[in-house]
Amino acid sequence: MSQIASASKFTEQILNSLRDIQREAISQSKDSDKSKDKDGGMSFADHLQKAVQEVNQKSQTADRMGTEMATGKAENIHETMLASTQAELSFNLMVQLRNKALEAYSEIMRMPV
C-alpha cells in the first residue's frame, strides 16, 4: 500500500514539474524579447535535455540499487523497488512525451500548404 502511495507521490511530483515547465514556457512565449533567453531563461531544448538527464540518472540509480540488492550489499528491498518504479515511471513519461511530439510533427506535416 505504501508503494502505491509513494508512486502516486512521485507521479504528482512529475506532474508538478511538468506544470512548472509549462508555466515557464508560456511565460517565455509571451515575452517577445529574445534577449531574455540569453540572460538566464532556459530554452525548451534545455528543459528537454535536463529531463532526459534526470530519467537517465534515475535509471542508473535503480540499476545500481538492484545490483547492490542482488549482491547482498543492500537489504532494503522497499527502497530498491521504489527506485525501480520511479525509473520506470520516468521512462514511461519520457516515451509518452516523445510519442506526443512525433504525433504533433506528423500532424503538422499533413497540413496543406
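Helix 1 has 29 residues, which should span 42 Å at 1.5 Å a residue; its end C-alpha atoms are 42 Å apart, in agreement. The model is predicted. The buried residues of this helix are Ala7, Phe10, Ile14 and Gln28.

**The buried side of helix 4**

Thr80, Ala83, Ala87, Ser90 and Met94 are buried in helix 4. An α-helix has 3.6 residues a turn, so residues three or four places apart point the same way. The cover over the buried residues of helix 4 includes helix 1 (2-30) and helix 3 (44-71).

Two of these buried positions can be followed in detail. Threonine 80 is in helix 4. Its relative accessibility is 8%, so threonine 80 counts as buried, the cut-off being under 20%. Beyond its neighbours within four places in sequence, threonine 80 is in contact with Met65, Gly66 and Met69.

Serine 90 also lies in helix 4. Serine 90 counts as buried because its relative accessibility is 6%. With neighbours within four places in sequence set aside, serine 90 is in contact with Phe10, Ile14, Val55 and Lys58. Phe10 and Ile14 are themselves among the buried residues of helix 1.

**The start of helix 4**

Asparagine 76 takes part in two polar contacts here. A side-chain oxygen of asparagine 76 comes to within 3.1 Å of the backbone nitrogen of histidine 78, at the start of helix 4. The backbone oxygen of asparagine 76 lies 3.1 Å from a polar atom of the threonine 80 side chain.

**The largest pocket**

The largest pocket has a volume of about 870 Å³. Its lining comprises 26 residues. Nearest its centre lie Leu18, Ile21, His47, Ala51 and Leu97.

Which helices each supply at least two residues of this lining? They are helix 1, helix 3 and helix 4. Helix 1 gives the most, with 10 residues.

Notes:
Residues are numbered from 1 along each chain as its sequence is written. This is a predicted model: local features need pLDDT of at least 70, side-chain atom pairs count only at pLDDT 80 or more; totals for chains, interfaces and linings use all residues. Side-chain values use heavy atoms; hydrogens and water are left out. Buried means under 20% relative accessible area, exposed over 50%, partly exposed in between (1.4 Å probe, protein chains only). Helices (H or I, at least four residues) and strands (E, at least two) are DSSP runs, numbered from the N terminus. Contact means heavy atoms within 4.5 Å. A polar contact is a pair of N or O atoms within 3.5 Å; within protein, one must be able to donate a hydrogen and the other to accept it, and residues adjacent in sequence count only if both atoms are side-chain atoms. On a 1 Å grid over the protein atoms alone, a cavity is a set of points where a 1.4 Å probe fits but cannot get out, and a pocket is an open set with protein on both sides within 12 Å along at least five of seven lines; lining residues have an atom within 4 Å of a point. Grid points are joined across faces, edges and corners, and a volume is the space filled by probe spheres set on the points. The expected span of a helix is 1.5 Å times one less than its number of residues.
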